[in-house]
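Subject: Structure handover and notes

Dear colleague,

I am passing the structure on to you with this message, and my notes on it come directly below. Please read them with the structure open beside you.

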Amino acid sequence: MKRQLLLFVSLAALLLFVAVQMFMIHSIWRQKEEIIIMRYKSLSREGLSLLLSKKKSNGFEKAMEVTDKFASYLVSEELPKLNTAYDSSSLGRLALQETYSIMYKNEKLTTFLKYYIGNAGYDNEFKCTLAIGRMEILTPEGSLIVADTVYSKAKKNLVVVNSFKEEHNNFLIEYHYLIDLAHKNSMVLKEALASFILIIFSILIVIFVFNITWKNLMEERRLSGLKSDFINNMTHELKTPLSTITVAGRTLEKEQILSDRERVLETARLIGKQSIHLNQLINTILEVSFLERSEFELDRHKVAIDELMHQIVTSFLTSCDGCAVIEEDYRTNGLSVSVDIVYFTTMINNLLANAVKYCDKDPVISVITATDCGNLEITIADNAIGIAREHLDHIFEKFYRVTQGNIHKIKGLGLGLYYVRRIAIAHGGDVTVTSKPLKGTTFKIRIPL
């Protein structure tokens with residue numbers, strides 16, 4: 001429960017941290033946007049003030065001159081031809097479109113502002129936008145309103161520089177001059193990139209640390225489970241021979257048993273057998289502990305590997321009363337290899353014992369020796385129940401046992417294959433495994449020659 005609560009709190013804290021960092025990115029982005037808009041608004045108005053003070057111009061003089069001539073043409077040539085309200089509306093649209101065209105072609109303010117802003121060290125790749133708020137054509141009879149529009153304030157990229165109102169001989173106009181920062185997002189990204197990188201990097205670091213913590217927690221949980229399984233298995237394994245020895249000892253105390261020499265011998269053999277089994281269990285645990293010591297060294301001797309393997313197989317078959325069919329195929333032609341005979345024998349016996357222990361039919365085991373690329377290869381294949389793929393990466397771990405079915409159905413402490421790999425590594429080699437469920441398992445030991 002404590003682990004689960006800690007995990008839940010850590011995950012909640014991680015999500016909260018990521019949310020805060022995302023909010024900071026959003027806030028920085030908005031802040032940079034506002035700064036850029038204020039910067040260009042300020043620089044544009046400074047440039048316009050400079051232009052007005054030095055040249056007494058706002059950059060639209062020529063545009064207004066051409067527009068005045070166009071308005072004079074409308075008054076003299078087009079207005080007399082109007083017959084209906086529709087004609088008047090059409091003339092208004094024409095006047096508006098033409099005025100826009102004249103202003104865009106003849107205004108000089110944008111060129112000056114680009115020079116001014118670029119000279120200040122800022123990006124001057126912007127466009128101008130004009131919005132006519134009101135326009136009237138002046139006639140001797142009065143004025144004709146041909147436009148009454150406003151610019152859209154919804155466009156976030158538009159920066160309002162100034163609004164103008166001018167009256168000339170033939171027209172009156174109110175218009176707005178704006179800067180269109182179409183590439184504002186790239187400008188914001190460029191200015192805020194360092195902050196974004198730091199924030200994203202901090203998020204990745206936190207996620208990385210959380211992932212390591214998560215893995216460590218899961219590994220601790222797995223090891224705790226393995227330890228519990230090991231204790232349960234060890235207790236079970238130790239209690240069985242101890243219980244048998246206890247019962248046998250009590251049996252020998254009975255008068256009717258003592259008088260039967262055969263029963264006494266049988267009970268004594270049972271006690272001896274269980275004592276050996278108990279001693280083997282204790283030795284296995286002690287040997288694994290010894291193997292993990294840094295000062296562990298092998299007592300190597302040169303031996304003919306074919307003869308040693310045949311002796312191991314023969315001895316195994318004798319000890320288990322011919323419990324399996326073992327097919328031997330030695331292809332090393334009397335090759336001598338430097339090995340620790342005791343540990344090497346135990347390593348092979350462990351694999352043979354597993355092949356018999358985990359077989360649900362008559363065991364058939366294949367033992368092959370060969371050489372390949374300067375290595376001695378020992379292959380032990382069986383026809384047992386096999387190992388599922390998800391367990392193959394863990395079976396050499398200490399205390400690990402496949403947990404399918406009843407864990408005590410097949411006896412063991414989860415140390416056999418761990419022992420095998422440790423011995424193979426101690427000899428400078430390694431052991432690999434391939435398996436197919438219900439078809440069998442193949443172990444291959446490689447030891448450098």
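Predicted model: local features only at pLDDT ≥ 70, side-chain atom pairs only at ≥ 80, totals over all residues.

Residues are numbered from 1 along each chain as its sequence is written, and side-chain values use heavy atoms, with hydrogens and water left out.

The chain as a whole

The chain has eleven helices and eleven strands, where helices (H or I, at least four residues) and strands (E, at least two) are DSSP runs, numbered from the N terminus. Of the 449 residues in the chain, 35% are buried; here buried means under 20% relative accessible area, exposed means over 50%, and partly exposed lies in between (1.4 Å probe, protein chains only). The accessible surface comes to about 26,500 Å², and 57% of that surface belongs to carbon and sulfur atoms, with areas taken from the Shrake-Rupley method with a 1.4 Å probe, where for residues only the protein chains shown count as cover. Among contacts (heavy atoms within 4.5 Å) between residues at least 6 apart in sequence, 72% join residues at least 24 apart.

Helices α9 and α11

Two packed helices are described by the angle between their axes and the distance between the axes. For helix α9 (residues 341-357) and helix α11 (residues 416-426), the angle is about 145 degrees and the axes are 9 Å apart; the axes are lines fitted to C-alpha atoms, for helices over the stretch in contact, and angles run from 0 to 180 degrees between N-to-C directions. The residues that make the contact include Tyr-343, Phe-344, Met-347 and Leu-351 on the α9 side, and Leu-417, Tyr-419, Val-420 and Ile-423 on the α11 side. By class, this contact of α9 with α11 has nine nonpolar, four polar and no charged residues, where Ala, Val, Leu, Ile, Met, Phe, Trp, Tyr, Cys and Pro count as nonpolar, Asp, Glu, Lys and Arg as charged, and the others, Gly among them, as polar.

Val-342 also lies in helix α9, and this residue is exposed, with a relative accessible area of 58%. Val-342 is 43 residues from Asp-299 in sequence, while the two are 8.7 Å apart in space, C-alpha to C-alpha.

In helix α4 (residues 109-119), the residues Leu-109, Thr-110, Leu-113 and Ile-117 are buried. Seen down the axis of α4, its buried residues fall within an arc of 90 degrees, so they line one face of the helix; the arc is that of the directions from the helix axis to the C-beta atoms. The face of α4 turned away from the buried side carries the exposed residues Thr-111, Tyr-115 and Asn-119, and α4 is followed by Gly-121, whose phi is positive, near 95 degrees.

Thr-67 is found in helix α2 (residues 61-78) and counts as buried, at 0% relative accessibility. Leaving aside residues up to four places away in sequence, Thr-67 touches Thr-99, Ile-102, Met-103, Met-135 and Phe-171.

Two loop residues

Asn-333, although not a glycine, has a positive phi of about 50 degrees; Asn-333 lies in the loop between β6 (325-330) and β7 (336-339) and is exposed at 73% relative accessibility. Leu-438, which is not a glycine either, has a positive phi of about 70 degrees; its place is in the loop between β10 (430-436) and β11 (440-448), and Leu-438 is exposed, with a relative accessible area of 68%.
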